[in-house]
Amino acid sequence: MEEAIAEGEQHKHLNKFACAAAIIASIISVIFGYDTGVMSGAMIFIKEDLKINDTQIEVLAGILNLCALVGSLIAGRTSDYIGRRYTIVVASTLFLLGSILMGYGTNYAVLMTGRCIARFGVGFALMIAPIYTAEISSATHRGKLSSLPEFCISLGILLGYVSNYLFGKLTLKLGWRLMLGVAAIPSLGLIFGVLKMPESPRWLVVKGRIEDAKRVLMLVSNSKYEAEIRLEDIITTVESTKLLDKKSQTEFSLWKELLFKPTLAVRWTLFAAICIHFFEHATGVEAVILYSPRIFKAVGITSKNKLLLANVGLGVVKTLFILVATFLLDKVGRRPLLLTSTAGVIAALIALGVGLTFTSCYPQLPIVANSKNHASWALALSICATYIYMAFFSIGISPITWVYTSEIFPLKFRAVGAGLAVAVNRSMNAAVSMSFISMYKAITIGGTFFLFGGLAIMAWLFFYFFLPETKGKSLEEIEMMFSKKTQPINEDHFVELTNKK
């Protein structure tokens, strides 16, 4: 009895090797976050230096997400063929080449080419980092470790904002090129760092390399007993889904089974993954991250330095609240955080819509703390609402989208299913990035955020009625949970089914 208790206590400890591997894998997310964040401020200087218009800015910011879409679709099957670890190498190489070209950036065409290559790498990075981390983590700490990639994206965005502020002090032609080109350095370092990482034990079992999988599990588990239990669960799942039957693993048959002839359980997981990724960007986060200088400018901040500093503050808020979420995911659970986050986002978007609508009627008002102007409240409301939006978004929707997607797919479809979800994510990212400027010119900037608020209400309803809790369950238990219940509206029944196992 005492041995069992000791085993359980040991199981609760975070395995240092698994944590280290997850951190290294998440560096690719830092690079992606940097690429996203740095473009927010760099666009100010690029527009001035290359003399490009708003349409070209929208294309630069958004259409290249279509490259990421293609990358994410290819990444799923690539990781099934060459492994999770070497797929990270592919993503890092693409970032390296893209960063060098963007740093060179003699004209708009070269800049676009480099951005396209880097965004192709984004598709790989967004798919592989959460999947790899989820597959090496134990159920007890999977939420914490699986949210690392999202935390690292936020950290990268913050570093991008800081880079904007620091390099923005240099000459016009040199500053923005250094902002974009410096990302090549961590990309190169990651290519070598990956060699120290273990391969995913689940991928090894699929390939029939049982002994290799056992060795990896011994490293990422806290005891031999835990490693053996995890290995047994993985083998059982692999055998039950006939993953060792090569005839069922052709490219066409896998996509056909996922999209055209899925079981009810697979159809449900696919629907859940696609919708959560759709709503992540439909609630307007890309508009805030990429175009925050325009939002702050709309409320009266005109100095480049102040705009970039306001961006840095936004990055700090995002990073801090993602960090808070990392520690809450395995304690509070996915659903409570997701619903609280979405409710806060709704309130912030409505407040931002009100503030921006009112300030747009008074475009020349100065922001002065002791101003007696009757519209000063609207200016303060707009700025506060932007930061509150980012805080609530970062504590729930942002990390849980990726954690949840990495958990719910059956092993057979995990890579391709996650790749498809990321493709939806990048499509929505592109849609918001490419349309935001045109949209706020058509329906006002305040009206645009009211629209995002309406979509956020729809997101809350979907999360409440259709997404079950996955906290504390192994990936194999989650797969069984979705297999036994194909209409997961009753949360208590889900818990009951899982406890029976």
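Predicted model: local features only at pLDDT ≥ 70, side-chain atom pairs only at ≥ 80, totals over all residues.
## The chain as a whole

The chain contains 24 helices and zero strands. Of its 501 residues, 58% count as buried, and the chain exposes about 19600 Å², of which carbon and sulfur atoms supply 69%. When contacts between residues at least 6 apart in sequence are considered, 83% of them join residues that are at least 24 apart.

Helix α2, which covers residues 16-50, packs against helix α16, which covers residues 285-298, at an angle of about 35° and with the two axes 9 Å apart. The crossing of these two helices is right-handed. On the α2 side the contact is made by T36, M39, S40, M43, I44 and K47, while α16 contributes E286, I289, L290, Y291, S292, P293 and R294. Sorted by type, the residues of this contact divide into seven nonpolar, three polar and three charged.

Helix α8 runs through residues 148-167, and at 1.5 Å a residue its 20 residues should span 28 Å, which agrees with the 28 Å between its end C-alpha atoms. How much of α8 is enclosed by the rest of the structure? Because 14 of its 20 residues are buried, α8 is largely enclosed.

## Y104 in helix α5

Y104 is found in helix α5, which covers residues 84-104. Is Y104 buried or exposed? Its relative accessibility is 53%, and because exposed means over 50%, Y104 counts as exposed.

Leaving aside the neighbours within four places in sequence, Y104 is in contact with V110 and R177. Y104 and G114, which are 10 residues apart in sequence, have C-alpha atoms 8.9 Å apart in space.

Which phi values do K51 and T444 have? K51, a residue other than glycine, has a positive phi near 55°, and T444, which is not a glycine either, has a positive phi of about 75°.

K51 is found in the loop between α2 and α3, the latter being residues 54-63, whereas T444 has its place in the loop between α21 (414-443) and α22 (445-466). With a relative accessible area of 66%, K51 is exposed, while T444, at 41% relative accessibility, counts as partly exposed.

Note on methods
Residues numbered from 1 in each chain as written. Heavy atoms only, no water. Axes fitted to C-alpha atoms, helices over the stretch in contact; angles between N-to-C directions. Helix = DSSP H or I, 4+ residues; strand = E, 2+ residues; numbered from the N terminus. Left-handed = near helix turned anticlockwise from the far one by under 90°. Contact = heavy atoms within 4.5 Å. Nonpolar A, V, L, I, M, F, W, Y, C, P; charged D, E, K, R; others polar. Buried < 20%, exposed > 50% of the residue type's maximum accessible area, 1.4 Å probe, protein only. Areas by Shrake-Rupley, 256 points an atom, 1.4 Å probe, with all protein chains shown as cover. Expected span 1.5 Å × (residues − 1).
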